[in-house]
Amino acid sequence: RGGADDGYSLFAAVISIVALQKNNIPHSRCVITIEAAEESGSGDLPYYIEKLKGPIGDVDLIICLDSGALNYDQLWLTASLRGVASGVLKVRVLKDGMHSGIAGGVVPDTFRIARHLLNRIEDPITGELDR
């Protein structure tokens, strides 16, 4: 995946398999799936995985070769990917809008409430997730 930031990864995968074969090193069956939608959310990928599930077969290991490279002079390795989570958090404290001079001191700040709720999931200092 990725034609600009990490387009080398397809070649790295193929060259790795070729190197094993040239050195008569046995390896499992390898299926390479190329998805080059780049930063578009991979909207078509689930369709093709479903359509090709027969030829792909049972999968024991998936290696994602979608990561950044700081230069093209060497091969880069990413040990982990963080992933993406999205959602909508709405915090409401009043039924109607109020001027801060009237209700500012007695009405809790919605941002502070949201931050407090998020802090229950992720420690804001260490980044550790609460299990």
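A patch, in the sense used here, is made of residues with over 30% relative accessible area and no salt bridge, with like charges joined within 9 Å and nonpolar side chains (Val, Leu, Ile, Met, Phe, Trp, Tyr) joined within 5 Å. This is a predicted model, where local features need pLDDT of at least 70, side-chain atom pairs count only at pLDDT 80 or more, and totals for chains, interfaces and linings use all residues. Residues are numbered from 1 along each chain as its sequence is written, and side-chain values use heavy atoms, with hydrogens and water left out.

Let's start with the nonpolar surface patch: Leu 89, Leu 117, Leu 118, Ile 121 and Leu 129 form it, and together they have about 450 Å² of accessible area (Shrake-Rupley method, 1.4 Å probe, with only the protein chains shown counting as cover for residues). Leu 117 sits in helix H5, residues 110–119 (helices are DSSP runs of H or I, at least four residues, numbered from the N terminus). At a relative accessible area of 31%, Leu 117 is partly exposed (buried is under 20%, exposed over 50%, partly exposed in between, with a 1.4 Å probe and protein chains only).

Now for charges. The structure has 1 salt bridge, meaning a side-chain nitrogen of Lys or Arg within 4 Å of a carboxyl oxygen of Asp or Glu. Glu 50 and Lys 53 make it through their side chains, at 2.9 Å from N to O. Glu 50 is partly exposed at 47% relative accessibility, while Lys 53 is exposed at 52%.

Most residues other than glycine have a negative phi. Asn 24, though not a glycine, has a positive phi of about 55 degrees. Look for Asn 24 in the loop between helix H1 (8–22) and helix H2 (45–51); Asn 24 is exposed there, with a relative accessible area of 71%.

Definitions and conventions. Helices (H or I, at least four residues) and strands (E, at least two) are DSSP runs, numbered from the N terminus.
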